[in-house]
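Please read these notes with the model open beside you.

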Amino acid sequence: MLRIVHKLRCGFAKMTVREAINSAMAQEIERDQNVFLIGEEVGQYQGAYKVSKGLYDRFGKSRIWDTPITEAGFTGLSVGAAMYGLKPIVEFMTFNFAMQAIDHVINSAAKLHYMSAGGLKTSIVFRGINGAAAAVAAQHSQCFAAWYSQVPGLIVLSPYDCDDARGLLKAAVRNPNPVVFLENEIMYNEAFEVPDNVMDKDYLIPIGKAKIMREGKDVTIVTFSKMVKFSMLAAAELEREGISCEVINLRTLKPLDRNTVIESIKKTHRVVTVEEGWGQCGIGAEICSIINETNAFFHLDAPVVRVTGADIPTPYAFNLEELSFPKTHNIVEAVKLVLK
Amino acid sequence: MKHFMRFSKISKAFKEVPSQYVYQINPIKNFEPIKQFRVIDLEGNLIAKEYNNIPKETLNQIFDLMISIEEMDNILYMSQRQGKISFYMTSFGETATTVGTTAALQPQDFIFPQYREQGSFMWRGFTIEQIVNQCIGNHLDGGKGRQMPVHYGSKDLNIVTVSSPLTTQVPQASGAGYGFRVNGENKIAATWFGEGAASEGDFHSAMNFAQTLKCQTLFLCRNNHYAISTPTDDQFRGDTIAGKAPAYGMRTLKIDGNDLLAVYNGVKYAREEIIKNKEPFFIEFITYRIGDHSTSDHSVLYRSQEEIDSWKSGNNPINRLGLFLKKQGLRQFNDEHDNQIRKDVRNRVIAALKNGSEQQSPSIQDLFTDVYDEVLPHLQDQYTQLREHLTKYKDQYPINKFKGGL
């Protein structure tokens, strides 16, 4: 694993988000006999997106399970294995396909601990790509953050960079509750410098805590996953115009860290939310409601502005797809709007 | 061999298996239908003598339990009509399958029920009081009032909690059975489902997985002829559900589900085979749902009383076992004694209902526990808000009806 990480300078290495997820899984499978990876193409094919590259050769078919094509089947089987005491990491080729198994994720994994009065535990990590990629159209581009984060009993995480990917995935595997882990295909290829401590086999990020990526005093931008990148680019652009943005990377969508958001609002008094998914009942809508029902409301100098994906199934044509999702300039405009 | 393919440069022979081929179009439709394994006939006469091997004490305990369940189901069905519980599902006509199967399994075997297996629960020791308290949803309910009636479960008895969506328990049993095999355990995962539930996609995936991955799983299909109002003809074609199992490569038995000796022997055999061969087994029980699907059903709207009566009097598991026990001299039948057993059960159920309805509801705190392994901060906040609200308006709420009050 370490051979794919390039040491740039003392104490830091450079790796892609894909490698970060791969290394986190490898360390957890090594650490705990009960952890295994299950999904379509995860083994001999090295993963549909090569996220599980090398794991089959290293751990063999008893820990890396290739399955027939049935999300309902392998998700149901994983819930049963988890009830028994094993710890599955279930890979969906995309969360779009997880809809075939969503009954098992929600009616079984999420609810059974409560419904059985604590008797049944379903400690599972459901992971896979979420949201838009590029030119894969409507049935491969939906963002499921809002759907899953509504469900009690689930923990919902969404990493942005390598730090997030490693720390959150390891925390997810070690957490006794069912976790939905929303990755992003475009982010898989992005490389980041990671300090040595992030590579540690016990590096964990607390669940339920957002991260302030960049401090600022004029506007708070609340976002997660790939949109953190565009928010940071927007913040850099706005800095040149003398506008200082505080960018919050939510990291955990459920339970959502409302305190970090509230404290930031007390400082900046203006909020822009950014998400790739559709606006109705989305994460931005939830942030607006949270602000509304807490004392953060009285610290606002302007209504919250939401930046979201267009309310359409994702089109295929490149130029149309470009227009359907938020980009840096949309975020810049939104910040200017909230400051007007 | 001359090659006519443009892009094929390499010449390599293909391994033929000549016996694979036929030279006429003869589509296959019906395999030979699988016959039902039977030990006693409709009048309780012993036919397959080598299966008369169940200890007398066990047979009597099974018979006692079958008649107890009949009485309990009767009272609880009526108690729903009287508004004492909100919902109930009886198991009239099907108790040979559930009690017989569970008696033939080992206590460490995991059972994944559907919802009509009070026989399985009670054979393992689940009490009338536990059932009634769950139906009422009071603080004594092991499920903390979280579920509809008959959705019980018991970690101690290795029976997974009943879950409403059909058939989801079946791939779960494949998963658990996989775990048992991988860890070399003397345990199987036995899962119940009806002939209607076998139409769900999960059934196919679970069967395919179990045989392909070699799971220590026992599939138990209870074909009781109706899925609510849907008769088997509208549910599937082919040779019932058992006919599908060999196609997965799985060993299969079809058993007369109203013949207790056949049920017991068949399940015992299947379990031994699963542990020995480390692969799954499929059993379909042919039985009949004498009662309604549930208290929300009125089955005479879609089937004839004549049909119901023919099973109820002509092919009834309790009658057949009783006649067998009498003819073999394995039980002294005495009207007074048997009526007393039934009366005792009735009284016990009625007492449980009375006592249960006087109990408090689960505690207010239990609204928020078990959502996650710990009560997360946002839930703690909600609980605090609820307490504040209830404290402020305590005159408007029956606070003392909740265990632990405020």
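This is a predicted model: local features need pLDDT of at least 70, side-chain atom pairs count only at pLDDT 80 or more; totals for chains, interfaces and linings use all residues.

1. Residues are numbered from 1 along each chain as its sequence is written, chains are lettered from A and ligands numbered from 1 in the order in which they are written, and side-chain values use heavy atoms, with hydrogens and water left out.

2. A salt bridge here is a side-chain nitrogen of Lys or Arg within 4 Å of a carboxyl oxygen of Asp or Glu. Over all chains the count is 41.

3. In chain B, Asp256 takes part in a salt bridge with B:Arg38, at 2.7 Å from N to O. B:Asp256 sits in strand β7 (residues 251–256) and B:Arg38 in the loop between β1 (36–37) and α1 (56–81), so the pair ties together parts that are 218 residues apart in sequence. Helices (H or I, at least four residues) and strands (E, at least two) are DSSP runs, numbered from the N terminus.

4. B:Asp256 also forms a salt bridge with B:Arg320, at 2.8 Å from N to O. B:Arg320 belongs to helix α10 (residues 317–327) of chain B, so this pair links parts that are 64 residues apart in sequence. B:Asp256 and B:Arg320 are both buried, whereas B:Arg38 is partly exposed, with a relative accessible area of 36%. Buried means under 20% relative accessible area, exposed over 50%, and partly exposed in between (1.4 Å probe, protein chains only).

5. The structure holds 5 cavities of 30 Å³ or more. A cavity is a set of points, on a 1 Å grid over the protein atoms alone, where a 1.4 Å probe fits but cannot get out; lining residues have an atom within 4 Å of a point. A volume is the space filled by probe spheres set on the points, which are joined across faces, edges and corners.

6. The largest cavity has about 90 Å³ of space. Its lining has 14 residues, and A:Ser141, A:Glu276, A:Trp278, A:Thr314 and A:Phe325 lie nearest its centre. Strand β14 (residues 271–278) of chain A gives the most to this lining, with 3 residues.

7. The second largest cavity has a volume of about 70 Å³. Among the residues that line it are A:Asn130, A:Cys143, A:Phe224 and A:Glu276.

Key. On a 1 Å grid over the protein atoms alone, a cavity is a set of points where a 1.4 Å probe fits but cannot get out, and a pocket is an open set with protein on both sides within 12 Å along at least five of seven lines; lining residues have an atom within 4 Å of a point.
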